[in-house]
Amino acid sequence: MKARELLIYISLLCKGDWDKITAHLKSRKVLDLSQAEDRVKALRCKAVTIIDPEYPQSLKHLSNPPYVLYYLGDLSLLDDYGRCIAYVGSREASSYGVKKATEISAQLAADGYSVISGLAKGIDAASARGAIAHKKAVAVIGNGLDTYYPSGNSPLQREIAHNGLLLSEYPYDTPPKATNFPMRNRIIAALANAVVVGEAGRRSGAMITVNIALCLGREVGCLPFRAYEDKTNNRLIKEGAYLIEEAEDVYAMLSHTIAKPKEAESEEV
């Protein structure tokens, strides 16, 4: 049995829990290989492991990269890391935030960029809807691919599975739970070349993605809001995040990140 199949089997045994998989690998427990083979053959989706050549290399920048990713759809949407943008934000979003998320993501997708979100309601769902029209939506979820959470996004989730990319480190039959979502957010941050915050309150879960992205050296941009609105977006802009009003602002942010190593190179010469 191949090493990748053993990794998948251990992931299935541990329900995708990174800490449990790590502990299992360190324990060197003897496995029932015939049972392992049967379980892996019974998978109802595709899987890519950390030792496969098609595994997204940007995830290896994490201190805890997922061992296995289960997916439905087109994994090649992640092939060009430079053209992967995360668009995330609040679940309880304003109509303005939702409208801009849909418009900006649709333009990014039309121009060939993959738009990554967590498929939560609000900003995430709006950005996915904008991108899926051009078959460029990537959704990373915190449960098994066969579970629809939130349930209101089930049609969108099915469409992404058929015309985009739906992925998770959690195997089928894994229900959503609170601890899964910060783990999902690290994947979103690592897969993306830059992160756009469509709308975020002071305690928004999107800030977990932002903090991980900054730790990984990714650029962050934010949609601006009116001064009296209690949004974290404006504070982040004051602290150095890019102001994003349209897709062209995202491209300007990306050109800045690409220019950095070239400048450093010329200085060394």
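Glutamate 248 counts as partly exposed because its relative accessibility is 44%, where buried means under 20% relative accessible area, exposed means over 50% and partly exposed lies in between, for a 1.4 Å probe and protein chains only. The residue is found in helix α10, residues 247–268; helices (H or I, at least four residues) and strands (E, at least two) are DSSP runs, numbered from the N terminus. Together with Asp111, Glu245 and Glu246, Glu248 forms a negative surface patch. Such patches are made of residues with over 30% relative accessible area and no salt bridge, like charges being joined within 9 Å and nonpolar side chains (Val, Leu, Ile, Met, Phe, Trp, Tyr) within 5 Å. Lys and Arg count as positive and Asp and Glu as negative, while His and the chain ends are not counted, and the place of a charge is taken as NZ of Lys, CZ of Arg, CG of Asp or CD of Glu. The accessible areas come from the Shrake-Rupley method with a 1.4 Å probe, and for residues only the protein chains shown count as cover.

This is a predicted model, in which local features need pLDDT of at least 70 and side-chain atom pairs count only at pLDDT 80 or more, whereas totals for chains, interfaces and linings use all residues. Residues are numbered from 1 along each chain as its sequence is written, and side-chain values use heavy atoms, with hydrogens and water left out.

After α1 comes lysine 15, with a positive phi near 55 degrees.

Other backbone angles also deserve a look. Most residues other than glycine have a negative phi, and most peptide bonds are trans. Leucine 119, in the loop between β4 (114–117) and α5 (123–132), has a positive phi near 60 degrees, and this leucine counts as buried because its relative accessibility is 0%. Lysine 135, in the loop between α5 and β5, likewise has a positive phi, of about 60 degrees, although it is not a glycine; at 51% relative accessibility, however, lysine 135 counts as exposed. A cis peptide bond, with omega about -5 degrees, joins tyrosine 149 and proline 150, and proline 150 lies in the loop between β5 (137–140) and α6 (154–163).

Which residues does leucine 165 touch, leaving aside those up to four places away in sequence? Leucine 165, in strand β6 (residues 165–168), touches Tyr71, Leu72, Gly73, Asp74, Leu75, Leu77, Leu78, Ala137, Val138, Ala139 and Ile160, where contact means heavy atoms within 4.5 Å. With 0% relative accessibility, leucine 165 counts as buried. Its C-alpha is 28 Å from that of arginine 203, a residue 38 places away in sequence.

The charged pairs come next. A salt bridge is a side-chain nitrogen of Lys or Arg within 4 Å of a carboxyl oxygen of Asp or Glu, and by this rule the count comes to eleven. In one of them, the side chains of aspartate 146 and arginine 44 meet at 3.9 Å, N to O. This pair links distant parts of the chain, with aspartate 146 in the loop between β5 and α6 and arginine 44 in the loop between α3 and β1, 102 residues apart. The C-alpha atoms of these two residues are separated by 9.3 Å. Aspartate 146 is partly exposed, with a relative accessible area of 27%, and beyond four places in sequence it touches Arg44, Tyr172 and Asp173. Arg44, Asp146 and Asp173 are linked in a network of salt bridges.

A second bridge brings together the side chains of lysine 121 and glutamate 92 at 3.0 Å, N to O. Lysine 121 lies in the loop between β4 and α5 and glutamate 92 in the loop between β3 (84–89) and α4 (95–110), so the pair ties together parts that are 29 residues apart in sequence. Lysine 121 is partly exposed, at 40%, whereas glutamate 92 is exposed, at 60%.

Finally, the side chains of arginine 186 and glutamate 169 meet in a salt bridge of 2.6 Å, N to O. Here arginine 186 belongs to helix α7 (residues 180–191) and glutamate 169 to the loop between β6 and α7, 17 residues apart. Arginine 186 counts as buried at 3% relative accessibility, and glutamate 169 counts as buried at 3% as well.
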